[in-house]
Amino acid sequence: MGGFVFDLDEDLTQGTDTFTTKVPRLTLTPRGMALLAACGYLPKISAEDILDKNKSDNLSKLLSVLQALWMFAQIISRLYGKLPVTLLEVNTLAHIICAIIIYALWWNKPKLINEPTKLRGDWVPPIAAYMFMSSQISGWRRVRPGILKKDWIDPEFSILAFNPPSSRKAQLSTTSPCALDAEPKFVTDAIIDTPGAHRDFPVPDIGSLTKRPSVAYDTSGVPLETMLSTVESRLESSGDLQTTRWALAAEAMSSYPAIANRIICREVTLHEQVIRWFEPGVEELVDDTVGNWASGNLLRAMSGFVMGMVVWSASMAYGGVHATAWHGHFPSRTEALLWRASSVCIAGSGLTWILINMLARTFPWFKAYWKQVETLRAHWTSLVSLGLLASLCGIAYLLARIFLVVESFISLRKLPASTYDTLEWTQLVPHL
């Protein structure tokens, strides 16, 4: 598990009332750690402490890599000696390449760290409450969910407005664009080692949190009365912990410029009256646990072009390795065709994703359309057709992956006699 956590049961009950009963512990995401660093509370951990928790050493990693390279060398030698390579060996080669790349990237990564590093201090309650309310762990299911996880759950901040202290209201109005399409500024790369370096001491006065005005809610496809009723029920169901949680989060927004910079000013004109409010930033900063699968809480979003290139290029490489057996030996022609189709399907899925994102980066109209599809706001014909196409492609991809593994084994039932020949290594070594 590892990571950095706010232990609510241990830390917040000593002099401060806990602000939630949903989870006893909050684990910081990479984005949460970046914001913590910007606030001046990045913990200092020595290399010795990290190595002490590590359950693996360089020798075990080296032996694993050598085993993988030995299998790779055997396959190359068989190709050099013009001996057939079985489909099982081709499938193994694809996983060997993935394993070697992972070992290279994670060589210095500690392994099997069970206990996380607990963050303690009087600064913890306000920042922990703010991070909690900014993240999906504090929220509710949407009235009209979208396709992606970020559209399924609204954090608690999504229905709240921040009333800044009088000393900061003018500053927020001038530094934050007051427009409905403006975006808050998120901290992603500031690393500061001095504790509390970015906190204003003493805090002149504390702001507060309140319900947003009715014009602030996204009511696309949902009647305003339904949305307002939903908001009221959510606030009423928060219980007595709400007061403590809101007060702590407001203290953090009033105390730390790194957090205040995430607040965005919104305003609309209704019946010749200007309505203005301040929205807290919404981002995945904490979770109950951080899983092994990459998600949207990384510093570089998984939906971003660079991350997508990495993930889907791996899919293209996986399909490409299996495509090298295009003219290999198969027990039947049907199995050969299915193998080729599966390889093309896997490699083509990655290529398709890259092309879609290139179109979105090149043509703004396509990006806007794709965003409508993701949030289920496009025309129903587009949603049905694209949904059906995505479902068929997803099923085809899954079946292709399964077939490649299964065929690797069942193809062993019928092999050419030369498959059992072994290559004399003396034939590969230069000699007189």
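Predicted model: local features only at pLDDT ≥ 70, side-chain atom pairs only at ≥ 80, totals over all residues.
**Aromatic pairs**

The structure holds seven aromatic pairs. One of them joins Tyr 130 and Phe 157 in a tilted geometry. Tyr 130 belongs to helix α6 (residues 124-134), while Phe 157 is in the loop between β5 (153-154) and β6 (160-163); the pair therefore ties together parts that are 27 residues apart in sequence. Tyr 130 is buried, its relative accessible area being 1%, and Phe 157 is buried as well, at 0% relative accessibility.

Trp 365 and Phe 366 form a pair with edge-to-face geometry. Here Trp 365 is exposed, with a relative accessibility of 59%, whereas Phe 366, at 15%, is buried. The geometry of these two pairs is set out below.

| Pair | Centre to centre | Angle between planes | Geometry |
|---|---|---|---|
| Tyr 130 and Phe 157 | 5.4 Å | 50° | tilted |
| Trp 365 and Phe 366 | 5.8 Å | 85° | edge-to-face |

Aromatic residues also gather in one cluster formed by Phe 6, Tyr 41, Trp 123 and Tyr 256.

**Helix α4**

Helix α4 comprises 23 residues (residues 58-80). At 1.5 Å a residue, these should span 33 Å, and the end C-alpha atoms are 32 Å apart, so the two values agree. The buried residues of α4 are Lys 61, Val 65, Ala 68, Ile 75, Ser 77 and Arg 78. An α-helix has 3.6 residues a turn, so residues three or four places apart point the same way. The buried residues of α4 pack against α5 (87-105). Just after the helix, Lys 82 adopts a positive phi of about 60°.

**Asp 7 and its polar contacts**

Asp 7 is placed in strand β1 (residues 4-7). With a relative accessible area of 7%, Asp 7 is buried, because buried means under 20%. Which side chains make polar contacts with the side chain of Asp 7? One is that of Arg 25, at 3.2 Å; another is that of Lys 118, where the contact is 3.3 Å.

Terms used. Residues numbered from 1 in each chain as written. Heavy atoms only, no water. Phe/Tyr/Trp six-rings, centres within 6.5 Å; stacked < 30°, edge-to-face > 60°. Helix = DSSP H or I, 4+ residues; strand = E, 2+ residues; numbered from the N terminus. Buried < 20%, exposed > 50% of the residue type's maximum accessible area, 1.4 Å probe, protein only. Expected span 1.5 Å × (residues − 1). Contact = heavy atoms within 4.5 Å. Polar contact = N/O pair within 3.5 Å; in protein donor to acceptor, adjacent residues only side chain to side chain.
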